[in-house]
Amino acid sequence: MMFNVMFVVLCLLCAALYYLQNKGGASSGGMPTTSDFKKFQRSYLIVYVCAVCADWLQGPYVYALYAHYQFSKQQIALLFIVGFGASAVFGTFAGEMADKHGRRLSCYVYCVTYIVSCLTKHSPNFYVLVFGRLTGGIATSILFSSFESWLVAEHNKNFYPAEWLNQTLSLATLLNGVTAIVAGSMGAMVRTHFDSLVAPFDLAIVFLLIAMAVIASMWPENKGEVSLVTGSSSGRSKFSEAMEVLQADHKIVLLGCIQSCFEAAMYIFVFMWTPKLEPLFTPLPHGQVFGCFMACTMMGSSLVNYLIKLKGSPIGYLREVLLVSALCLALPALVTSSGVLALGCFFIFEAACGIYFPSMGIIKSKYVPEEVRATMYNIFRVPLNLIVVIVLANLGTISDNSVFCICGFLLGAAALMHHLFESMVKESGGLVAPASTVKGESAQSDSEMKPLEPSHDVQPAA
């Protein structure tokens, strides 16, 4: 009952924040959007919601299905590690494919590989399921790189204002939380109706097919067609170009490290919140707690535009968000007996996640070059996946509280690196112009970059 009340209160607070945001015009930076932008935004959000819905539908049932097939804990752990490992190993190749052959095509590949992964769940054969985890890992690396890469490239190509990109990224995070809650209910419904643990995976295929249909009918293709070195199209490896960019611009290296540390801590938290809370709340209503977490995430995403209005840029507040996140995951490991403290810290951390994702998306859109965007996003995920694999592989040898301390350390390191990143940005003039190049213009240094000049008065998103 307590968690049901919490969930309702958190949802009401989130709805109030979102209403006030829209009422005050903050959602688009005070600038009214156009009908063609709204159509573009809808086309992205429909596909994104279907894609993440397919992902959320599977989450609660993967472990349960493996256990139903009577695999040991060691075998199940190996299957999970295969998924993260596949994402780490194949991620860079997936990113290079997206930049070279098209982000739209890459999003198609996401749908196809995830459909294959879902179909393998019908087999109790361990090696078939390993293959499914491999395709699922590849799909996950595409979900968190190519979709956002397509959005940013298409947004800038149409010369929409930067404030509108902020709005789209915040809406995507908000809808991700809503989708997680709705997907949980739909998954439970089909699980009960068909009396099958495979049913949620079959429902995920339906949403993936819808996403493919919308991509085919509404999405144009975009690629990283311009070489950063020659200023023209080339046959050079996008991975090689991305590595040259990393060597030349340490700010982008810091961005990748910040992302790896924060998101690794978040993925570890996803595995660890249940064993942490179960001894403190008996019985623990997992579904209601998860719903509260998602409501907190939505609240966080609703605060992003207010924070940008207050600080001028996500760079101005993200360090504090990272520090608060570090405290929220370290404190429950130090004060082990308080369930209320642990739950409150976890709620705040989820709100921080809601702030982090659109904010980091905005920062990356400004500083990661367009020509290697998807490749770079996947390079960022390689250390992330390695950290998660190492921690998960050693869960039996380290205590739960030690794992939370590791998460706190990762987040504290992310805060320190963001401080260094912010200092480097200030030294170079604190620019907001995009780091990408267009129509054969070569990449410029931070002190030389200027906004793109569209054919009308609005400037493109950075």
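**Close-up 1. Helices H4 and H5 are roughly antiparallel in this predicted model**. H4 covers residues 103-120 and H5 covers residues 126-143. Their axes lie 8 Å apart and pack at an angle of about 155°. That angle is over 145°, so the pair counts as roughly antiparallel. The crossing of H4 and H5 is left-handed. On the H4 side, the contact residues include Ser 106, Cys 107, Val 109, Tyr 110 and Thr 113. H5 contributes, among others, Val 128, Leu 129, Phe 131, Gly 132 and Thr 135. The residues of this contact comprise 11 nonpolar, 8 polar and no charged.

**Close-up 2. Helix H2 runs roughly parallel to H4**. The axes of H2 (residues 35-68) and H4 come within 11 Å and cross at roughly 20°. This angle is under 35°, which means that H2 counts as roughly parallel to H4. H2 passes H4 in a left-handed crossing. Ala 51, Asp 55 and Gln 58 of H2 meet Tyr 110, Tyr 114 and Cys 118 of H4. By class, the contact of H2 with H4 holds 4 nonpolar residues, 1 polar and 1 charged. Tyr 110 and Tyr 114 also take part in the contact of H4 with H5.

**Close-up 3. Arg 103 and Asp 99 form a salt bridge**. Their closest N and O atoms are 2.7 Å apart. Arg 103 has a relative accessible area of 0%, so it is buried. Asp 99 also stands at 0% and therefore counts as buried.

**Close-up 4. Arg 381 pairs with Glu 263 in a salt bridge**. The N to O distance is 3.6 Å. Arg 381 sits in helix H14 (residues 373-393) and Glu 263 in helix H10 (residues 250-277). The two residues are 118 residues apart, so the pair links distant parts of the chain. Both Arg 381 and Glu 263 are buried. Elsewhere, shared partners join Asp 99, Arg 103, Glu 370 and Arg 373 into one salt-bridge network. The count of salt bridges comes to 10.

Close-up 5. Arg 191 counts as partly exposed because its relative accessibility is 27%. Asp 195 is exposed, at 64%. Leaving out residues up to four places away in sequence, Arg 191 touches Tyr 61, Ser 196, Leu 197, Ala 199 and Pro 200. Phe 201 lies 10 residues from Arg 191 in sequence and 9.7 Å away in space, C-alpha to C-alpha.

How values were computed: Residues numbered from 1 in each chain as written. Predicted model: local features only at pLDDT ≥ 70, side-chain atom pairs only at ≥ 80, totals over all residues. Heavy atoms only, no water. Axes fitted to C-alpha atoms, helices over the stretch in contact; angles between N-to-C directions. Helix = DSSP H or I, 4+ residues; strand = E, 2+ residues; numbered from the N terminus. Parallel < 35°, antiparallel > 145°, perpendicular 65-115°, else oblique. Left-handed = near helix turned anticlockwise from the far one by under 90°. Contact = heavy atoms within 4.5 Å. Nonpolar A, V, L, I, M, F, W, Y, C, P; charged D, E, K, R; others polar. Salt bridge = Lys/Arg side-chain N within 4 Å of Asp/Glu carboxyl O. Buried < 20%, exposed > 50% of the residue type's maximum accessible area, 1.4 Å probe, protein only.
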